[in-house]
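Visitor: Hi! Could you walk me through this one?
Guide: Happy to, let's bring it up.

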Amino acid sequence: MAASAPAGAELLAIRDLRVTFRAAGRDVHAVRGADLSVAEGETLAVVGESGSGKSVTMMAALGLLPENAEVSGSIRLRGRELLAMDERALRSVRGAEIGVIFQDPMSSLNPVHTVSRQIAEAIRAHADVSRGAAHARSVELLGEVGIPDPRTRADDYPHQFSGGMRQRVMIAMALACGPRVLVADEPTTALDVTVQAQIVDLVDRIRRDRGMAVIWISHDLGVVAQLADRVTVMYAGRVVEQGPCADLFDAAVHPYTAGLLRAMPRLDAPAGSPLEVIPGSLPDPETQPEGCVFAPRCDHAHDPCAAARPALLPLAAGGGHAVACHRSGELSAVVGRPLPARVGPTLRAGTDNVRSHDAPAAAPPAAAPPAAAPAPAAATPPVVVALEELRVHYRGRGSWRRAAAPVRAVDGVTLDLEHGRTLGLVGESGSGKSTLARALLGLEQPSGGTVAFGGRVLDSMSAAGLRDLRRTAQMVFQDPAASMNPALRVEDVVGEPLRINRRGSAAEQRARAAELLEVVELPRELGRRYPHQLSGGQRQRVAIARGLALDPQVLVCDEPVSALDVSVQAQIITLLSRLQAELGLSLLVISHDLAVIRTIAHRVAVMYLGRIVELGGRDDVFGRPRHPYTRGLLDAVPVPDPHRRSRPAPLAGDPPSPVAPPPGCRFHERCAFARPGLCDTTPPPLEEQRPGHWTACHLADEIAASSAPDPAHAATG
Amino acid sequence: MTTTVSTEPAPGPAGPAPVVRRGRRLRDHTTALGAVGGVIVLALVTVAVLAPVLAPYDPAERAGTPFSPPSPDHLLGTNDVGQDLLSEMIYGTRVSLTVGIVAAAAAMLIGTVVGLIGGYFPRLGAVAMRGVDVVLILPFLPLLIVLAAYLGRSIVNTVIIIAILIWAPTARVIRSQVLSLAGRDYIVAARSMGAGHAYVLWRHVLPKTMLLAIGEFVAAASGAILLESSLSFLGLGDPLQESWGSTLYWAQARGAFLTPAWKWWVLPPGLLIMLSALGFALLGYALEQRINPRLRRS
């Protein structure tokens, strides 16, 4: 095959791999002829959206596919054919020569055994060593993966570790027998961004120390840019582009790769820059297209694209950058410059219409589309929802002798939601973002403070009034599949709010549901289908349509795009911005993904352990962050640019428990600037330290003076 | 903007379905067992409905010599007063099935209501579930006897006693299902749209627990038939309604267990009790494998 390997010896080589799942008379083509290889000591990133076959490819290499999978092609590890091996021989390869880390460390660890026992088990499965020696070795491994005090921690159970520490344990287990190849299947997807940065650094360090090869499977181009030597891009079961990391990010040739890079919200792009949308979705996995798998979604497709399958060919003879595209010659010529105008208009996330009013220094966007440029918000828009010192405490689990300490999920938050604007709420998991949203919607009883809708306070109202108010605020959930009753048709899902509130007859409700589907750019006919028959992006549109059914003023979106693929994310973000402009909605968007927030929000609130630590206009918070926590978060976000790999050390540690928040500033334990005697005793108030920019930090001014702003972030304003 | 109208094709079955082969084998095997159970139950119901047609004699009439062994006239012989045992078996099917089904239905009703409340309203549920625990730890047989003695011997009382004893497991199963449903996003979504408890329970929770309740009902019928037989065997059943259990009671009282008569007096009712309990149990098992989310392939 033409895809050339680098000079180093090929360690693992996959050639023309095809995997088909046969189920109930239907064939699902998961991998349709994939070629890739990894050399000793290098990191290969396999990138693709869900359904691209990236994980299946790796599971095939490990012989871990279910019985109904039909595998053909060749997978060679140091010249030995893995597909020809029997189960016993494969077992000796797994673990001993190939180690694996999975996405969710909790479900991969046995909760009833100590971690050292599980690591020792892995060692003893492949090597004939004594119990004592295996235990000693597992303590050593735990130390190597950065578990503090490994000797004591070795005898702890998985649930006693935090998510990031658990993933470290998984890595220790994968390393137990000194594998030559480490396969990491989305190892950081379930982790917070600060912890992700720690894990990325850790895997990279181990790879260098041990000289092993790493295959990092990911959908996150940012992470990939930070650690990969070479990148393989998969789409619908085929490799569409492959090459050295820098080449791929600087000069992506395949229209899919290029589109993916432009569709992804990124922190280093100018604020308010357009997000490109890749229309459509993955091809039906049951069909076997003759030609290029991407042709139906491709702007550059012409006749041969649908007729013949493009081979993965190097751009320059003997070069490492290979592309499977009939038009690679023409496309590579224009690389580096923006591609020629697309057939469909490039869509612009309409957030640049309302600039953050308190950031006059920010450069206006080059060209705002006329439809999305109302008055540039000279005065502060009216406040729709006001949270005042809101507290939500959950009763803790105590024993019968001792009253439990409450879980302080939200602990004194004052926040305004302005009319027609978007407030982004960011923070790590456990910071109380979702609880805040639920309290705003009246789904959670506040333990203190108030939620007021246009001056009317939520708790002081009768049940009927409360129900009435609830209609003015609606919610869009993270996982659209889970937020709809699978037994209802789409039109019933969308019409449910009308039904609950007895608005109109059944026929009128149905008609309104059809209208709403059109508002979110879905065909009316979809109403007759069931949610599981839709794609993820379509389902999230349905969820938004349902949220709009009662003409709310406020739409709360809890991680609205984090369950979606990058190309679909852009579609949803664009839709939300458009709806806001047309309907004058106030959006509260909760996300752990800072790039998404930066694309969509006007104002940003950063939450840490139940408190707001920083609040301000988007450009202030992202461009001139004043709180060390905000800085740490921003530094931890991987930038999809392989030339900017050096970044400050990631924030250490995990967020403390909200049951017993640290005294003083809640962040002081993780803060590099914390000053004893001040930060650990006196909680900093949230003050307007700059006009329109609120920060809860005693030392913000000193920190700002002492450290020059990071050019990466300064450029964003 | 209109170009974003995603004419995305629905992505077929979402991804590959793993362990399909094993899944199918399991399903084949449960389907076969379920079919056996279904045939048994259907046959028994047919016998109960057609009892007057099928039975050669009126079970209450003295049709022959007392204690006669099986003969062409009396295929299973006669009892101590000369009543035809075969006819008694056929009519007994009516009593056993009626008591079993009615008691199980009542138990399902109680169990479902308690389970729904217990799962949906956590505070109230905590109290309700302690009640369930109490019922679960009660020693069955002594309570059965005390209740039967206290309430008197009638078929209605038998049904009540049995229902009181067997609703608790149903309540637990239903509650666990409701608990898992109550946390779902779509229920939170409905609440955020202003839906009341009644709406949520009726529209989103009940439909998903109904199937489970039916499975539980079939399984409970099996237990109810066994309990009815025990009660009648102890002489605490309705004296006017001859069931399989009471046939055994009389066989025991007349010493048939120690004479060759056990072959036609003791064995047939015993086998019938076993068969009917087995039929419902198999049917219930197959239904449960299909319905219960916890047992469905993970």
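Visitor: How many helices and strands are there in chain A?
Guide: Chain A has 24 helices and 24 strands, where helices (H or I, at least four residues) and strands (E, at least two) are DSSP runs numbered from the N terminus. This is a predicted model, where local features need pLDDT of at least 70 and side-chain atom pairs count only at pLDDT 80 or more, while totals for chains, interfaces and linings use all residues. Residues are numbered from 1 along each chain as its sequence is written, and chains are lettered from A and ligands numbered from 1 in the order in which they are written.

Visitor: How much of chain A counts as buried?
Guide: 54% of its 717 residues (buried means 20 or more other C-beta atoms within 10 Å of the residue's own, with C-beta atoms placed from the backbone).

Visitor: New topic: at what angle do α9 and α11 of chain B pack?
Guide: About 150°, with axes 9 Å apart, for α9 (residues 244-253) and α11 (residues 267-291) of chain B. Axes are lines fitted to C-alpha atoms over the stretch in contact, and angles run from 0 to 180 degrees between N-to-C directions. So α9(B) is roughly antiparallel to α11(B) (over 145 degrees).

Visitor: Which residues make the contact?
Guide: B:W244, B:T247 and B:L248 come from α9(B), and B:P269, B:G270, B:L272 and B:I273 from α11(B) (contact: C-beta atoms, placed from the backbone, within 7 Å).

Visitor: And which domains does chain A have?
Guide: The assignment, automatic or from a database, gives domain 1 (8-91 + 223-252 + 266-348), domain 2 (375-394 + 405-472 + 552-717) and domain 3 (485-551). The C-alpha centres of domain 1 and domain 3 of chain A are 35 Å apart.

Key. Angles under 35 degrees count as roughly parallel, over 145 as roughly antiparallel, 65 to 115 as roughly perpendicular and the rest as oblique. Two residues are in contact if their C-beta atoms, placed from the backbone, lie within 7 Å. A residue is buried if 20 or more other C-beta atoms lie within 10 Å of its own, exposed if 12 or fewer, and partly exposed in between; C-beta atoms are placed from the backbone.
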